[in-house]
Amino acid sequence: LSLGAQAVSKPDDWAHLQPEREQVIASLNVVELLKRHHYDKPPLDNARSQKTHANYLKSLDPARLLFTRQDIEHYSSWEYRHDDFLHKGELEPGFELYRLYLQRQSQYLEQSLETLKNGVASLDFDRDETLETDREKAPWPADMDELQELWRKRLKDEVLRLKLAGKDEAAIAELLTKRYRNQRKRMQQIRSEDVFQTYINAFAQTYDPHTSYLSPENAENFDINMSLSLEG
């Protein structure tokens with residue numbers, strides 16, 4: 001399955017993140033377990049697929065800062081197909097959307113870092129403009145131009161908040177540069193298991209807010225935290 005969004009500028013980025021055989025098996029097991037043993041036993045149908053799609057978009061881009069309306073329209077055909085994907089153990093759609101999320105997040109960080117190279121003084125604070133900070137229900141940006149303009153305003157907002165907190169321009173540039181580089185470094189550490197867990201949880205939580213999947217490593221860490229003991 002290959003339905004790459006045309007808006008993505010670097011289609012080969014994050015190509016190493018691919019579904020693994022163990023994850024396909026785990027997804028089939030999760031579907032079967034929920035179908036057989038969840039107390040409510042609701043069907044895996046188009047309605048659940050729609051909820052899964054909405055959950056996944058919200059988990060990846062809750063503030064609507066990374067996907068455009070073009071992206072949403074491009075992937076709209078998947079809205080009623082996640083039930084079919086999961087019945088077959090087809091995880092590529094979830095991975096493709098996650099790779100797009102990583103590409104956009106990377107573009108945002110690179111744009112911000114490039115701006116900071118020119119110094120905080122390069123930002124124009126005399127311009128009369130606004131930024132909607134609570135974007136959970138905001139419209140998706142129309143295209144990449146509008147998205148990049150939103151990123152510019154977001155960086156300007158962060159700089160302004162630090163200015164109001166009393167930090168000087170050099171300290172602001174240093175702080176934000178370090179922050180964005182750390183975010184970029186953490187992104188490079190994302191594994192296919194992280195992608196799978198995010199996608200399968202978007203599905204699992206359509207049953208109820210307390211149903212979730214934990215990867216073997218996260219399940220082990222959860223058990224250690226709950227028991228407050230470590231054996232090995």
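Trainee: What should the 26 residues of helix H5 span, and how far apart are its end C-alpha atoms?

Mentor: Bear in mind that this is a predicted model. For the length check, count 1.5 Å a residue: H5, residues 92-117, should therefore span 38 Å, and its end C-alpha atoms are 37 Å apart, which agrees.

Trainee: Is H5 mostly covered or mostly open, and how many of its residues are buried?

Mentor: Mostly covered: 20 of the 26 residues in H5 are buried. Buried means under 20% relative accessible area. Take Ser112, which sits in H5: it counts as buried because its relative accessibility is 2%.

Trainee: What lies 3.0 Å from a polar atom of the Ser112 side chain?

Mentor: That's the backbone oxygen of Tyr108. Leaving aside residues up to four places away in sequence, Ser112 touches Leu155 and Tyr180.

Trainee: Which residues of H7 are buried?

Mentor: Ile172, Ala173, Leu176, Thr177, Tyr180 and Met187. They cover an arc of only 120° around the axis, so they lie on the same side of H7. The face turned away from that buried side carries exposed residues, including Glu174, Lys178 and Arg186.

Trainee: And what covers the buried residues of H7?

Mentor: The cover includes H5 and helix H6 (144-164).

Trainee: Which residue caps the N-terminal end of H7?

Mentor: Asp168 does, with a side-chain oxygen 3.2 Å from the backbone nitrogen of Ala170.

Note on methods: Residues numbered from 1 in each chain as written. Predicted model: local features only at pLDDT ≥ 70, side-chain atom pairs only at ≥ 80, totals over all residues. Heavy atoms only, no water. Helix = DSSP H or I, 4+ residues; strand = E, 2+ residues; numbered from the N terminus. Expected span 1.5 Å × (residues − 1). Buried < 20%, exposed > 50% of the residue type's maximum accessible area, 1.4 Å probe, protein only. Polar contact = N/O pair within 3.5 Å; in protein donor to acceptor, adjacent residues only side chain to side chain. Contact = heavy atoms within 4.5 Å. Arc of directions from axis to C-beta.
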